[in-house]
Amino acid sequence: MDLFEYQGKQYFAQYNIPVSAGGVATTVDEAVAVALTAKYPVVVKAQVQVGGRGKAGGIKLANDEAEVRLHAKNILGMDIKGHVVKRVWVEHASDIAEEYYASFTLDRAAKQHLLMLSAQGGVEIEDVAAKDPTAIVKLHINPIDGLSLATAHRACVDAKIPAKALDGVADMLVKLYNCFTQGDCDLAEINPLILKPTGEIHALDAKVSLDVNASFRHPEWAEYAATEELDAREQLAREKNLQYIGLDGTVGIIANGAGLAMSTLDVVNQVGGSAANFLDIGGGANAELMTAALEVINSDPKVKSILINIFGGITRGEEVAKGIVEAVKRVALRAPIVIRLDGTNADEGRKILADAGIPESQLTSRPTMLEAARAAVEMAK
Amino acid sequence: MAIFVDQNTKVIVQGLTGGQGRFHGLRNKAYGTQVVGGVTPGKAGQDVEGIPVFDSVADAVAATGANASFIAVPPKAAPAAILEAARAGIGFVVCITEGVPAQDEARVFATLQRDYPATRLLGPNCPGIISPGKCNIGITAGEIAQLPSASGPNVGIVSRSGTLTYQALYELKQQGIGVSTCVGIGGDPVPGTSFVDCLAQFQADPETHAIIMIGEIGGSAEEEAAEFITNHVTKPMSAYIAGVTAPAGKKMGHAGAIVSGGKGTAQGKMDALRAAGVQIGLNPTEAGILMAEIVRTIRS
């Protein structure tokens, strides 16, 4: 789960990482009120989960109330690469002497934590990596050893962080590492990490992605989930506890298992169609789950046909078929269904589907994934 | 022969008295797996349809001589359960638990590496492992796996995805091709056992003559496998990579299945495997058909 900058800064603050005084605002008046507490000059920053907001005019300096009003009015509601700005973060403008970069992630190949540190911050780190890879220090950290202040110090020296900022940055790295591990982040990134003319180190931005698997030990994450930007279909799917991702095509997809669902998208694409979604209903595939899945797909006006791809393992074919028949009776579908049912007791399952008395125009069965995909794509044309 | 587990594997189920543990543990036993005990703290002395339950893995090992464990406990409890099994000297641990935090997985993996190098972990979040006719640990429906034939050729399967593992087993059964062992390594960011671990074992196993690999988007496990295949695998292989059409930045169901920063794409993985001499199917059925051709060539 990706956090907005303001949430990331609030998260950082819990781990004693210094961030600018500020607050979030959803209206111009709120922005003015926040600016007063943060003290002028302030920066008004669009809260969107996409890069390049500065270039798009989503970050503006304001010296007084009139300027805050003007910028907040312009930025709120602005469309930045398809993301509509619903909130701005207003913070006290910082004086910047130097800009650095620091992040922690999990390196899956090495199965260890990875620190990336650079004395060249404030620009896209990918650009730094492309231009001068030696400007980025990469350090693997064994998760059971953790990051000591001494190791952090050494990394700073290697990254050529200037002497005046060494202690401050090393201290910041340990704090950011604690946030990354104890805070269950997939990513904790500060860019830029700034040195102020007064000598203090400070996080001017915050990019935090949380591991939702750890939600059980972070009840405080509930508020982040509430601000996640989901489309109407994704919202409905979440309420029904389904693994759903909205896409732009016309063939609605239901499959059991994440791999099979992904594979179904691929096959639809391979035969010239496009999927309207990814939907994994998991292993069970009973009538309740199937009904919920069909309701979500049915709520998508772009869907012209529905492809159900089920492989019966422990859940036998006849149970799956009964679930589908029951669900089709419960939901008033706008699009025809093509089913591919395979695996344990698939023949019995197909017989139940054939004998259910559902008209061919509403529900047909195909024996293989490829044939089912072809039929569904044909119907979606 | 088979890899990791066979008819001599003695399994205990951690969480045998829970819903999942009971259901799958009993199914594994019915398949013919030696399920010799269960572990649920505080329930020693009870039994689940004749399978004795112990308070700790150490007690279960002492009483039964178990050398493998099947962990079916909630995500909160899984890391401790894995380490308890390792401490008790279990050599092969299968953890099917879905939803273990990545930080916990990384710590568990590092701890096993440092303190219990003799313990191999499969999973978490994996369907398990089956050596058809010998041993089935996990949630695979044993009846969809074709028994290996004494004269061969037999195929080894290694997969990151659950249902696609079954799909691969099923494709081979349709073609009448025997399976030596089928390993589901799981779709999480830090799996205990990797493609490379399984490929090394299959390469060394005289009963395995060819290998099918099912990968998916995210991470670099398939690319690492491709490098290993180039240098160490001489047995013929076919593969399928799921997620060609997956959009960047969206987790496709599995915690590990995400294309980010242009890395981990299906195309990149297919290219790497193709360069390593692996035949690539564009869907699971195609990978099965390619394998059937490989097997026909070996037979003739």
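Q: Which numbering and confidence conventions apply here?

A: Residues are numbered from 1 along each chain as its sequence is written, while chains are lettered from A and ligands numbered from 1 in the order in which they are written. This is a predicted model, in which local features need pLDDT of at least 70, side-chain atom pairs count only at pLDDT 80 or more, and totals for chains, interfaces and linings use all residues.

Q: How many helices and strands are there in chain A?

A: Helices (H or I, at least four residues) and strands (E, at least two) are DSSP runs, numbered from the N terminus. Chain A has 13 helices and 18 strands. Its C-alpha trace spans about 80 × 50 × 40 Å along the principal axes.

Q: What percentage of the residues of chain A count as buried?

A: A residue is buried if 20 or more other C-beta atoms lie within 10 Å of its own, exposed if 12 or fewer, and partly exposed in between, with C-beta atoms placed from the backbone. By that count, 48% of the 381 residues of chain A are buried.

Q: Which residues in helix α2 of chain A are buried?

A: An α-helix has 3.6 residues a turn, so residues three or four places apart point the same way. In α2(A), residues 28–38, the buried ones are A:A31, A:V34, A:A35 and A:A38. These residues are on the same side of α2(A) because they cover an arc of only 105° around the axis; the arc is that of the directions from the helix axis to the C-beta atoms. A:D29 and A:T37, on the other side of α2(A), are exposed.

Q: What do the buried residues of α2(A) pack against?

A: Two residues are in contact if their C-beta atoms, placed from the backbone, lie within 7 Å. The buried residues of α2(A) pack against β1 (22–25), β2 (42–46), β3 (59–62), α3 (65–75) and β6 (88–92) of chain A. After α2(A) comes A:K39, with a positive phi near 75°.

Q: Which residues other than glycine have a positive phi of about 60°?

A: Most residues other than glycine have a negative phi, and most peptide bonds are trans. A:N16 is not a glycine, yet its phi is positive, about 60°. A:N16 sits in the loop between α1 (5–14) and β1 of chain A. A:N16 counts as exposed because it has 11 C-beta neighbours inside 10 Å. B:N125, also not a glycine, has a positive phi of about 60°. B:N125 is in the loop between β7 and β8 of chain B, and counts as buried because it has 26 C-beta neighbours inside 10 Å.

Q: Where are cis peptide bonds found in chain B?

A: One joins B:G123 and B:P124, with omega about 5°. B:P124 lies in the loop between β7 (120–122) and β8 (128–131) of chain B. Another joins B:G152 and B:P153, with omega about -5°. B:P153 is in the loop between β9 (135–138) and β10 (154–159) of chain B.

Q: How many residues does each chain give to the contact between chain A and chain B?

A: Chain A gives 42 residues and chain B gives 48 residues. On the side of chain A that touches chain B, the elements giving two or more residues include β13 (243–246), α9 (258–270) and α13 (369–380) of chain A. α9(A) gives the most, with 11 residues. That side of chain A divides into 20 nonpolar, 14 polar and 8 charged residues. Here Ala, Val, Leu, Ile, Met, Phe, Trp, Tyr, Cys and Pro count as nonpolar, Asp, Glu, Lys and Arg as charged, and the others, Gly among them, as polar.

Q: Which residues in the largest nonpolar core touch the most other members?

A: A nonpolar core is a set of buried Ala, Val, Leu, Ile, Met, Phe, Trp, Tyr and Cys residues joined through C-beta atoms within 7 Å. The largest has 157 residues, of which A:L279, A:A293, A:A376, B:I71, B:I82 and B:V93 touch the most other members. α13(A) gives the most to this core, with 8 residues. A second, separate core has 64 residues, including A:F4, A:A35, A:V42 and A:V85.
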